[in-house]
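Here's a quick tour of one model, with a few local details worth a look.

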Amino acid sequence: MDGIIILDKPEDFTSFDMVAKMRRLLGTRKVGHAGTLDPMATGVLPIFVGRATKCCDILPNQNKRYTATFQLGYTTDTLDATGRVLTRTEVSATKEDVEKALESFRGEIMQLPPMYSAIQINGKRLYDLARQGIEIEREKRPVTITELNLLSADDTQHIYQIDVACSKGTYIRTLCADIGEALGCGATMTALRRTEAAGFSIADSITLEEAEKLSEEGTLTERLLPIRTVFESLPALHLAGRQQTLFQNGVKLDLARLNEMKTMQGYTGDIRIMGEDDVFLGISVADWENGELKMKKLFSILEG
């Protein structure tokens with residue numbers, strides 16, 4: 001049982017809750033996820049099953065997309081509506097002001113990770129410290145906002161909805177708070193829905209209720225996407241015969257003997273390795289200095 005299921009995570013569940021539920025529904029312990037979502041967030045959560053769990057740390061597409069709603073005029077300690085209110089400020093900003101403020105958050109920006117986050121500093125997770133009332137100094141990190149658009153505006157209630165396409169490690173709560181700070185009145189994120197992750201979208205997902213129904217019918221495994229799905233954006237190298245056998249045994253291959261590598265001269269990124277009958281074998285990188293194809297992750301092993 002190897003593959004990927006894209007869940008549309010419901011509100012009020014952690015990502016680990018979803019892993020636990022999928023373990024039960026699929027009847028296997030080897031289940032993981034990519035891209036943690038906070039309990040208040042909904043949307044795309046890739047679930048990896050069996051050998052697919054080896055994908056999590058080498059996903060070629062780690063960009064994400066969100067629809068977020070924020071309200072101007074107040075701030076909280078968590079930067080979202082679940083937190084304790086810290087400030088309230090009168091709002092004079094309009095839709096036009098918000099649209100203008102968004103301009104400075106497009107492209108590469110520096111972002112301060114929130115205290116209520118899973119980041120570890122000196123072996124301690126920030127949210128554990130935050131719950132103890134401890135705030136420590138953090139360094140700003142570069143993140144990239146590739147798209148940022150205003151979807152709707154309610155100037156009466158000061159509620160705005162944005163569409164955000166961003167790099168891994170971007171905190172949408174922080175983005176909303178920073179927009180509020182730029183407008184001089186503060187802001188708090190009130191809703192968050194992830195619409196894309198790891199190259200998958202809401203259209204690829206199933207709800208928890210659908211997963212439970214499919215499990216009862218004994219057809220949930222039919223929704224497993226092949227492991228290779230997440231790597232199809234990578235250049236492919238095809239092996240056959242003895243070369244395939246050597247690769248599956250973990251042997252480094254001579255780049256000079258791999259004709260397809262001539263078209264990838266100097267390429268240092270990940271390579272998708274395909275075998276006979278279009279079988280996905282694994283991920284490798286070219287060591288041009290030593291003339292070897294080096295294994296990164298093996299997904300298809302020789303049986304027996």
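## A threonine in a loop

The side chain of T78 reaches the backbone nitrogen of G83 at 3.1 Å. T78 also has a polar contact of 2.7 Å with the side chain of D80 (N or O atoms within 3.5 Å; within protein, one able to donate a hydrogen and the other to accept it, with sequence neighbours counting only if both atoms are side-chain atoms). T78 sits in the loop between β5 (74–76) and β6 (85–88), strands being DSSP E runs of at least two residues, numbered from the N terminus. T78 counts as buried because its relative accessibility is 10% (buried is under 20%, exposed over 50%, partly exposed in between, with a 1.4 Å probe and protein chains only).

This is a predicted model, where local features need pLDDT of at least 70, side-chain atom pairs need 80 or more, and totals for chains, interfaces and linings use all residues. Residues are numbered from 1 along each chain as its sequence is written, and side-chain values use heavy atoms, leaving out hydrogens and water.

## An open sheet

Five strands make an open, mixed sheet ordered β15-β17-β18-β19-β16; pairing takes at least two DSSP bridges. β15 (236–238) and β16 (253–254) are at the edges with a single partner strand each, so one side of each has no neighbour in the sheet.

Strands β18 (280–287) and β19 (292–298) run antiparallel, joined by six bridges. S284 has M295 in β19 as its bridge partner.

## Cysteines

There are zero disulfides (cysteine sulfur pairs within 2.5 Å). C56's closest cysteine sulfur, in C55, is 6.7 Å away, too far for a bond.

Conventions: Helix = DSSP H or I, 4+ residues; strand = E, 2+ residues; numbered from the N terminus.
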